[in-house]
Amino acid sequence: MSLSKVEMAARVARDIPRGAYVNLGIGQPTLVADHLGPASGVVLHTENGMLNMGRAAVGDEVDGDLINAGKIPVIEPPGAAYFHHADSFAMMRGGHLDVCVLGAFQVSAAGDLANWHTGARDAIPAVGGAMDLAIGAKSVFVMMTLFAKDGTPKLVPECTYPLTGIGCVSRVYTDLAVFSVGGGTVDVLETFGTTYDELAARLEIPLAKA
Amino acid sequence: MTATICGTADEAVEGISDGSTVLIGGFGMAGMPVHLIDALIEQGASDLTLVSNNAGNGDTGLAALLATGRVRKMICSFPRQPDSWVFDGLYRAGRIELEVVPQGNLAERMRAAGAGIGAFFCPTGVGTLLTEGKEIREIDGRAYALEYPIRGDVALIGAHCSDRMGNLVYRKTARNFGPVMATAATATIVQVSEVVETGALDPEAVVTPSIYVDRVVQIGGAV
């Protein structure tokens, strides 16, 4: 069976080292937090100025001054710290974050990332912190479906959408397989409900067995 | 000179001139100085360049200012949001100029302005549309793009508490761009929930020292 979004999130969480400082991108990557319990020792960073960010706030916990990058109210667990935006992005750019998990429109075999702009003429470009995260974190993991709704692969020889960062992605977690990219070959680390040969036939990039 | 404590938001925004570059704090609505923005709308300055992370939510605050048609250019990292219909409409009608800046560069370019840095080399966005035309330099084997400061004539920010000198503390993630913008503008105007007597703030906890603050107004109660 291919993985559901929740299962993909759980699979990503398994590869996050104990005690890592981690930024989870807006959207699907947020789900990874549900699989990082207190025992993981993981400290979440949110770009709008908080470390050790807590879960989503409910009921009386909601405070308009305490939100995550997706503007969702969150809670302040013990050990939290606040800082301003220049410091927050210095943490990324300065190589202090261990892992970030981002969504993507496309990832190339060389680890190029496209996740901010479809290039459509009437689209309003909005980049947020994606470019800073892409070049900043020590490891950039992408979490996405392997194929777009129209069946075209999102793991590609060269990105056709505008780039977010060059050669920045190391791992790609999808519903059908986990890939290692950017090291000269695209290695298939694990498959879900499919086989290496099926993937090799459907993707336009040379694959290697890990 | 230490900060002036103003009686009203209208008084706080007096003298902002047409053609100004206005830095506006906030990330979404957290830290958004809504009362100062409303006062700026009343005040009537036009032909403005706004610098803020987002381009307005719903119909209030920044979105209301955009709706007046007095904003020539928006510099921001993330204009497109589910409730950014005011900006979206102006942009699609060709009535506003947009400069999209990666969020960290937005913060660092203002930090540079406030710290007297002439320009800096930054790895963010190298090889993408957002560094096209910029000088690229390789330093220790890595490529960096040359980025210039963003300076404001005015900064409008929100903070939690000010003392009568203008020392500021913030609250939770409402801090965001406030401390950086406060350093980067000729005049920094702050709305706070509370003004306290000088000496009431723990000096160890002050985030923005008074040297960066020009005017303060307390919202929701007399000073």
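Helices (H or I, at least four residues) and strands (E, at least two) are DSSP runs, numbered from the N terminus. By that count chain B has 6 helices and 12 strands. This is a predicted model, in which local features need pLDDT of at least 70, side-chain atom pairs count only at pLDDT 80 or more, and totals for chains, interfaces and linings use all residues. Residues are numbered from 1 along each chain as its sequence is written, while chains are lettered from A and ligands numbered from 1 in the order in which they are written.

**Confidence**

- The predictor gives the complex an ipTM of 0.95 and a pTM of 0.96.
- Chain B has a mean pLDDT of 96, with 99% of its residues at 70 or more; pLDDT is the predictor's confidence in each residue, from 0 to 100.
- Where pLDDT is low, the predicted coordinates should not be read in detail.

**Overall form of chain B**

- The radius of gyration of chain B is 18 Å, close to the 17 Å from the globule rule for 223 residues, so chain B is as compact as a globular protein of that length. The radius is taken over C-alpha atoms, and the rule is 2.2 Å times the number of residues to the power 0.38.
- The C-alpha trace of chain B spans about 55 × 45 × 30 Å along its principal axes.
- Buried residues make up 52% of the 223 in chain B. A residue is buried if 20 or more other C-beta atoms lie within 10 Å of its own, exposed if 12 or fewer, and partly exposed in between, with C-beta atoms placed from the backbone.
- Among contacts in chain B with a separation of 6 or more, 76% link residues 24 or more positions apart. Two residues are in contact if their C-beta atoms, placed from the backbone, lie within 7 Å.

**Contact between the chains**

- Chain B brings 35 residues to the contact and chain A brings 31 residues.
- On the side of chain B that touches chain A, helix 4 (85-92), helix 5 (103-115) and helix 6 (178-184) of chain B each supply at least two residues. Helix 5 of chain B gives the most, with 5 residues.
- That side of chain B divides into 17 nonpolar, 11 polar and 7 charged residues. Ala, Val, Leu, Ile, Met, Phe, Trp, Tyr, Cys and Pro count as nonpolar, Asp, Glu, Lys and Arg as charged, and the others, Gly among them, as polar.

**Nonpolar core**

- The largest nonpolar core has 133 residues, of which Val142(A), Ala155(B), Leu156(B) and Met181(B) touch the most other members. Such a core is a set of buried Ala, Val, Leu, Ile, Met, Phe, Trp, Tyr and Cys residues joined through C-beta atoms within 7 Å.
- Strand 9 (residues 152-163) of chain B gives the most to this core, with 6 residues.
- Residues up to four places away in sequence aside, Ala155(B) touches Leu23(B), Met181(B), Ala182(B), Ala184(B), Ala185(B), Thr188(B) and Ile189(B).

**Sheet of chain A**

- Chain A holds an open sheet of 10 strands in the order 4-3-2-1-5-8-10-11-12-13, with mixed pairing. Two strands pair if DSSP finds at least two bridges between them.
- Strand 4 (81-82) and strand 13 (207-209) of chain A stand at the edges with a single partner strand each, so one side of each has no neighbour in the sheet.
- In strand 8 (residues 139-143) of chain A, 4 of the 5 residues are buried, so this strand is largely enclosed by the rest of the structure.
- Strand 8 of chain A pairs in the parallel sense with strand 5 (residues 99-102) of chain A over 4 bridges, and Cys100(A) stands opposite Val140(A).
- Strand 8 of chain A also pairs in the parallel sense with strand 10 (residues 169-173) of chain A over 4 bridges, where Phe141(A) stands opposite Arg171(A).
- Strand 11 (residues 177-180) and strand 12 (residues 186-191) of chain A run antiparallel and are joined by 4 bridges; Ala177(A) has Thr191(A) as its bridge partner.

**Local features of chain B**

- Strand 8 (residues 142-147) of chain B is joined to strand 6 (residues 120-122) of chain B by 3 bridges, and the two run antiparallel. Leu146(B) is the bridge partner of Phe121(B).
- Strand 7 (residues 136-139) of chain B pairs with strand 8 of chain B in the antiparallel sense over 4 bridges, with Ile136(B) opposite Ala145(B).
- Strands 7 and 8 of chain B form a hairpin with 2 residues between them, and Asp140(B) in the turn has a positive phi of about 50 degrees.
- Val101(B) lies in the loop between strand 5 (97-100) and helix 5 of chain B, and is buried, with 23 other C-beta atoms within 10 Å.
- Beyond its neighbours within four places in sequence, Val101(B) is in contact with Ile75(B), Ser77(B) and Leu106(B).
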